[in-house]
Structure formats: structure tokens, C-alpha cells
Amino acid sequence: MIFPQDWDELTCINYLQRWVLVQSILYYEFDKNAVSDFVYDKNAHQLADMMQKCANVQDSRYYYIFYDFEGSTGCHLKNRLNDADRDLIMSIVNYGIKHY
């Protein structure tokens with residue numbers, strides 16, 4: 001994924017974490033593909049690589065969910081969300097379902 005030039009590394013990681021969460025929920029919970037498997041895999045592995053290289057990755061928004069993410073699957077991610085984050089992510093997912 002290509003990011004705006006003015007985004008710092010942590011902003012990019014936060015965005016990718018949210019993106020992976022939304023795509024995973026769409027796929028595993030609703031059987032919907034908003035992107036191809038190739039695009040998901042590429043972005044998921046980009047996230048895993050960025051997290052591994054980032055010195056302050058523990059400050060990312062969803063680190064508590066992605067602390068052991070290697071980019072291979074997102075099937076378990078929704079179950080790690082706390083209630084407030086689950087509500088936020090599900091509102092994004094539901095918006096996506098209505099508009100795809």
C-alpha cells in the first residue's frame with residue numbers, strides 16, 4: 001500500500017491495522033471480498049514487516065490485537081477486539097457492506 005508522504009510510520013501502521021481488521025471481518029464473518037486475496041496478502045505482509053521494523057510499534061492503536069501478527073491470517077483478530085474497538089470497527093464494516 002502506498003501512503004501519503006506526510007504520514008509517519010506509526011500512522012501508516014495504524015491505518016493498515018484497521019484495514020486488515022475490516023477486510024478480515026468482511027471475509028470471515030460476512031463471506032465478502034472487498035479486495036482480492038493477492039491485495040489482502042500483500043497489505044497484510046506489509047503490515048507485519050512494518051510492525052517488525054518499527055521501534056515504537058507498541059504505541060500503535062491496535063497493537064494489543066496485532067502483537068503476534070505475521071500476515072498469514074486474520075481469522076482470529078475480531079475476537080481480540082475490546083468492546084469499544086469492536087463497535088468502531090463493526091460500524092466501518094457495516095458501512096462497507098451497505099456500499100459495496
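Modeller: Before we start, contact here means heavy atoms within 4.5 Å. This is a predicted model, where local features need pLDDT of at least 70, side-chain atom pairs count only at pLDDT 80 or more, and totals for chains, interfaces and linings use all residues. Residues are numbered from 1 along each chain as its sequence is written, and side-chain values use heavy atoms, with hydrogens and water left out.

Biologist: OK, what does Ser60 touch, leaving out residues up to four places away in sequence?

Modeller: Ser60 touches Leu10, Ile13, Asn14 and Gln17. The side chains of Ser60 and Gln17 are also joined by a polar contact of 3.0 Å (a pair of N or O atoms within 3.5 Å; within protein, one must be able to donate a hydrogen and the other to accept it, and residues adjacent in sequence count only if both atoms are side-chain atoms).

Biologist: Is Ser60 buried or exposed?

Modeller: Buried, with a relative accessible area of 6%. Buried means under 20% relative accessible area, exposed over 50%, partly exposed in between, using a 1.4 Å probe and protein chains only.

Biologist: Switching topic, how many aromatic pairs are there?

Modeller: Six. Rings of Phe, Tyr and Trp (its six-membered ring) pair if their centres lie within 6.5 Å; planes under 30 degrees apart count as stacked, over 60 as edge-to-face and the rest as tilted. One of the pairs is Trp19 with Tyr40, stacked at 6.1 Å centre to centre and 25° between the planes.

Biologist: And how accessible is Trp19?

Modeller: Trp19 has 13% relative accessibility, so Trp19 counts as buried. Tyr40 is buried too, at 13%.
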